[in-house]
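Here is a friendly briefing to read alongside the model. Have the sequence and the 3D view open as you go.

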Amino acid sequence: MTNKLFVGGFPYETTQEQLTELFKACGTVKSVKILMDRETGRSRRISFVEMATEAEAQAAINKLNGTNLGARKIFVTEARPPEKRPAGFVRPSGGGGLGGGHETSLADEPPRKSFAERKKKWTEKKKWDRKRSGGKPKDPMADEGGFRNKREFNQDSWD
């Protein structure tokens, strides 16, 4: 066990001084760090508290885990060490949505084509489309007898 604790669930208004006073009842507090949200600038309601010894940290877990601080119930656990990731590791994308749930690395991706190459491919596609349609661009008003949309077509057909 380490002497570093993870504390979560406390109210947004909680300060470092308040957490220090709360944990002083269990022993000497070396440091308290409240994590802040970058966008809003307010607390993320999680904190790391470092106690002087492992015995004091265990006493704090036993005494304070599940107690109320203000109107909220806090939880206190042993802090886990940060994960060591290999170089070039890319965090897996989310579990849902398009392309989620798999790990990728930038080294696995093919190099991106230059703008000139992409423009050339795009213009060739447009030439091919014009060739297939007989050289005329498609008229969007040609569908359904020249009506702009389906709703207008349906309204006019009933009158």
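**A buried arginine and its sheet**

A polar atom of the Arg45 side chain lies 3.5 Å from the backbone oxygen of Phe10, a polar contact (N or O atoms within 3.5 Å, one able to donate a hydrogen and the other to accept it). This is a predicted model, in which local features need pLDDT of at least 70 and side-chain atom pairs count only at pLDDT 80 or more, while totals for chains, interfaces and linings use all residues. Residues are numbered from 1 along each chain as its sequence is written, and side-chain values use heavy atoms, with hydrogens and water left out.

**Around Arg45**

- Arg45 belongs to strand β3, residues 43–51 (strands are DSSP E runs of at least two residues, helices H or I runs of at least four).
- Arg45 is buried (under 20% relative accessible area, 1.4 Å probe, protein chains only).
- Arg45 has no salt bridge (a Lys or Arg side-chain nitrogen within 4 Å of an Asp or Glu carboxyl oxygen), and Glu13, the nearest side chain of opposite charge, is 8.6 Å away.
- Beyond neighbours within four places in sequence, Arg45 is in contact with residues including Gly8, Phe10 and Arg72 (heavy atoms within 4.5 Å).

**The sheet**

- Four strands form an open sheet in the order β2-β3-β1-β6, paired antiparallel (pairing needs at least two DSSP bridges).
- The edge strands, each pairing on one side only, are β2 (29–36) and β6 (75–78).
- Strand β1 (residues 4–8) is joined to β6 by four bridges, and Gly8 has Phe75 as its bridge partner in β6.

Methods
Buried < 20%, exposed > 50% of the residue type's maximum accessible area, 1.4 Å probe, protein only. Lys, Arg positive; Asp, Glu negative; His and termini not counted.
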